[in-house]
Amino acid sequence: MTPDSTGRIRTDIAHNARVWNYWLGGKDNYPVDRAVGDQVVAMYPSIGEVARADRAFLGRAVTYLAGEAGVRQFLDIGTGLPTADNTHEVAQRIAPDARVVYVDNDPIVLTHARALLTSSPEGRTEYVDADAHRPELIVEAVRPVLDLGRPVAVMMLGILNFVLDTDEARSIVRTLMAAMPSGSHLVLTHPTLELGGEGNAEAMEFWNKNATPPITARSRAEFASFLDGLEILEPGIVSCASWRFAAATEVAQFGAVARKP
Ligand SMILES: C[S@@+](CC[C@H](N)C(=O)[O-])C[C@H]1O[C@@H](n2cnc3c(N)ncnc32)[C@H](O)[C@@H]1O
């Protein structure tokens, strides 16, 4: 574990980035994260599968965007702790000149950010410590790295679920996408109580009493509303496990990729 260089890390309450890392089999977590993580697994046994399916979706979506769609700029908001196949690694394997800006507001992600800054020489990666609740600040912070005159893939995987007010979540997406030119993309995943995820209600209630930040699930209609005004690519809004993949089982996490016309 990297020592806390920021003085902001709390080890008395479970944090999402660290528990997500625990479910993915990582080592960057504390006893409090593992205890809460295990209790969530007891209530909602497929959560580990959700986390792995979400990362696999990230891999397929970025592969499509950097490859077929020719996107060269990525803004990954709610990055999480470094793991296998981070966005810049997937993108730069296909397009070494790809530029990636990571954004997260968790102090532990900041202390590990160096592991995300291993850019190919032709490309660039940067890390911004910022809050998704302030999208206009994110847009300003990325300008030195991303050319907002050229398409950007805005990635928000498993993060809008931490913006509890649906109108605010919509407005965050609108602000970000309004700053991006035609040909930009929005990549989203979000937990739901649909798709067989009904059992997640109890686990989310437990999470909200024992961990941070608080979370909410959303319906298909709410998820679709985040994509308003964009062209949703095939196969549409599906379980992220099944997005351009013949998955044996679905997970209760919507996934979609949409293009700004
Ligand atoms: C479930 S993890 C997802 C990580 C990664 N995107 C993935 O799909 O594997 C959510 C991440 O969002 C971050 N996050 C939560 N609320 C945030 C906010 N308001 N601003 C920025 N990041 C936030 C957390 O710190 C965490 O790293």
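## A walk through the fold and its ligand site

Keep in mind as we go that the model is predicted. Along the principal axes, the C-alpha trace covers about 45 × 40 × 35 Å. Within those dimensions the protein holds nine helices and ten strands.

Let's turn to the ligand. Where does the ligand sit? The space it takes is the largest pocket. A shell of 19 residues surrounds the ligand, and the closest of them are Asp54, Gly78, Asp104, Asp131 and Ala132. Sorted by class, this shell is made up of seven nonpolar, seven polar and five charged residues.

Which helices supply at least two residues each to that shell? They are helix 1, covering 16–23, and helix 3, covering 47–66. Helix 1 gives the most, with three residues.

An N or O atom in the side chain of Trp20 is 2.9 Å from an oxygen atom of the ligand. In the side chain of Arg55, an N or O atom likewise lies 2.9 Å from a ligand oxygen. The backbone takes part as well: at Gly80, a backbone N or O atom is 3.3 Å from an oxygen atom of the ligand. How much of the ligand does the protein bury? Taken alone the ligand exposes 600 Å², and the protein buries 97% of that area.

Before you leave the model, a few details of the backbone deserve a visit. Start at Asp85, which is not a glycine and yet has a positive phi of about 55°. You will find Asp85 in the loop that runs between strand 2 (73–77) and helix 4 (87–94).

One joins Thr212 and Pro213, with omega at about -10°. Pro213 belongs to the loop between strand 7, a run at 211–212, and helix 9, which spans 220–225. Another cis peptide bond links Glu234 to Pro235, and here omega is about 5°. Where is Pro235 found? Its place is the loop between strand 8 (231–232) and strand 9 (238–239).

Methods
Residues are numbered from 1 along each chain as its sequence is written. This is a predicted model: local features need pLDDT of at least 70, side-chain atom pairs count only at pLDDT 80 or more; totals for chains, interfaces and linings use all residues. Side-chain values use heavy atoms; hydrogens and water are left out. A residue is near a molecule or strand if one of its heavy atoms lies within 4 Å of it. A polar contact is a pair of N or O atoms within 3.5 Å; within protein, one must be able to donate a hydrogen and the other to accept it, and residues adjacent in sequence count only if both atoms are side-chain atoms. Accessible areas come from the Shrake-Rupley method with a 1.4 Å probe; for residues, only the protein chains shown count as cover. On a 1 Å grid over the protein atoms alone, a cavity is a set of points where a 1.4 Å probe fits but cannot get out, and a pocket is an open set with protein on both sides within 12 Å along at least five of seven lines; lining residues have an atom within 4 Å of a point. A molecule sits in a cavity or pocket if more than half of its atoms lie within 2 Å of its grid points. Helices (H or I, at least four residues) and strands (E, at least two) are DSSP runs, numbered from the N terminus. Ala, Val, Leu, Ile, Met, Phe, Trp, Tyr, Cys and Pro count as nonpolar, Asp, Glu, Lys and Arg as charged, and the others, Gly among them, as polar.
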